[in-house]
Amino acid sequence: MRRFLTAAFACLLFAAPALAERATPAKPETLTVSAAGTQREAILYAPDAATGPCPVVLVFHGGGGGADWMANKSARLTRTLTGAGYAVVYMNGSTKRRTEKLRTWNAVHCCAYAARAKINEAAYADAVLDALDVRLDIDRTRIFLMGHSNGAMLSYRLAGQMQTTPRAIAPISGAIFADQPDVPDRTSIFMYLAVDDKALSYDGNPEDKAERWRTAPHIGFIKAEAKLAELKDCGPQTAGPSGSSVQTTERACPGSSVLVAVTGASGGHEWPSRPPGYSIEQAILGFFDAEH
């Protein structure tokens with residue numbers, strides 16, 4: 001089994017400037033799809049240049065956000081990924097009334113309307129990929145999911161539900177629950193949480209700020225990493241590149257996949273998280289680039 005984090009990549013993780021950025025993101029376009037009988041939208045940023053089929057990153061906002069909000073908060077992520085040849089799609093959660101801006105995802109135990117209504121998020125993700133197939137030449141072997149908070153909770157569960165199995169997921173400031181389903185063998189995981197996250201506690205405290213949105217307690221970060229390793233039948237944990245701002249562990253898993261866990265010493269629950277000297281955008285790009 002391969003080791004994921006090389007010394008060169010470690011330098012990339014701690015590089016504050018985004019190395020693969022344009023000054024401004026490309027002009028976005030709106031995709032409209034039909035999923036489970038409902039019209040839904042997503043925002044596409046096409047890659048700068050493609051010499052062949054392009055990889056795709058589906059981005060899921062946090063609870064109470066929306067595709068526009070997440071895209072506005074993620075200009076550096078968009079520039080970093082599209083500059084490296086990725087198509088980036090900001091997905092849009094659900095509300096009870098279409099005019100409402102505060103949207104959520106159905107991660108079963110969270111959050112709000114989407115969970116109560118049991119929205120079929122896998123059908124939505126599948127429909128967006130089908131629409132991209134018409135718009136772009138995409139590489140279905142390199143589909144990636146990145147989510148924040150409620151969107152991260154969703155990405156953990158969605159990996160095994162989509163028609164096209166993601167090559168990797170990057171849940172940021174999210175959590176799993178006791179009934180976490182299996183993650184496909186070929187799907188690598190990059191999981192991140194800051195120890196000072198007050199909304200979704202690092203140690204699994206059931207009385208954190210997210211308690212009112214959940215219908216079950218979440219699993220603390222360290223125990224979540226161990227549970228995912230068990231579900232994926234990964235090898236022993238080893239230390240990855242670390243510093244004063246982040247601590248990293250990694251495991252090799254079946255299907256040429258890896259499990260990487262990054263603990264931020266600070267950064268809270270905000271997206272994007274900003275531990276000193278650490279670029280979450282470059283970390284995500286480096287992780288996705290390693291997954292073929």
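**Close-up views of a predicted model**

**View 1. Helix H7 has the span its residue count calls for.** In this predicted model, H7 covers residues 221-232, and at 1.5 Å a residue its twelve residues should span 16 Å; the C-alpha atoms at its ends sit 16 Å apart, so expectation and model agree.

**View 2. H7 has a buried face and an exposed one.** On the buried list for H7 are Phe221, Ala224, Glu225, Leu228, Ala229 and Lys232. Look down the helix axis and these buried residues fall within an arc of 135°, so they line one face of H7. Turned away from the buried side are the exposed residues Ile222, Lys223 and Glu230. And what covers the buried residues? The cover includes helix H6 (150-158) along with strands E7 (188-194), E9 (246-253) and E10 (257-264).

**View 3. Glu121 is a buried residue of helix H5.** H5 runs over residues 121-135, and Glu121 belongs to it. With a relative accessible area of 3%, Glu121 counts as buried, because the cut-off for that is under 20%. Its side chain makes a polar contact with the side chain of Arg40, at 3.1 Å. Setting aside neighbours within four places in sequence, Glu121 is in contact with Arg40, Thr104, Trp105, Asn106, Ala114, Leu154 and Leu158.

**View 4. The largest nonpolar core holds 45 residues.** Val56, Leu58, Val89, Met91, Val128, Leu132 and Met191 have the most contacts inside this core. H5 gives the largest share of the core, seven residues. Zoom in on Val56 and, not counting residues up to four places away in sequence, you'll find it touching Ala87, Val89, Leu129, Leu132, Ile138, Arg142, Ile143 and Phe144. Another core, of 32 residues, lies apart from the largest one; among its members are Leu81, Tyr192, Ala194 and Tyr278.

**View 5. Ser173 is a buried loop residue.** Where does Ser173 sit? It's in the loop between strand E6 (168-172) and E7. Its relative accessibility is 0%, so Ser173 counts as buried. Leaving out residues up to four places away in sequence, Ser173 touches His148, Ser149, Ala152, Tyr192, Leu193, Asp197, Leu200, Gly268 and His269. One of these, Tyr192, also turns up in the core of 32 residues.

Methods
Residues are numbered from 1 along each chain as its sequence is written. This is a predicted model: local features need pLDDT of at least 70, side-chain atom pairs count only at pLDDT 80 or more; totals for chains, interfaces and linings use all residues. Side-chain values use heavy atoms; hydrogens and water are left out. Helices (H or I, at least four residues) and strands (E, at least two) are DSSP runs, numbered from the N terminus. The expected span of a helix is 1.5 Å times one less than its number of residues. Buried means under 20% relative accessible area, exposed over 50%, partly exposed in between (1.4 Å probe, protein chains only). The arc is that of the directions from the helix axis to the C-beta atoms. Contact means heavy atoms within 4.5 Å. A polar contact is a pair of N or O atoms within 3.5 Å; within protein, one must be able to donate a hydrogen and the other to accept it, and residues adjacent in sequence count only if both atoms are side-chain atoms. A nonpolar core is a set of buried Ala, Val, Leu, Ile, Met, Phe, Trp, Tyr and Cys residues joined through side-chain atoms within 4.5 Å.
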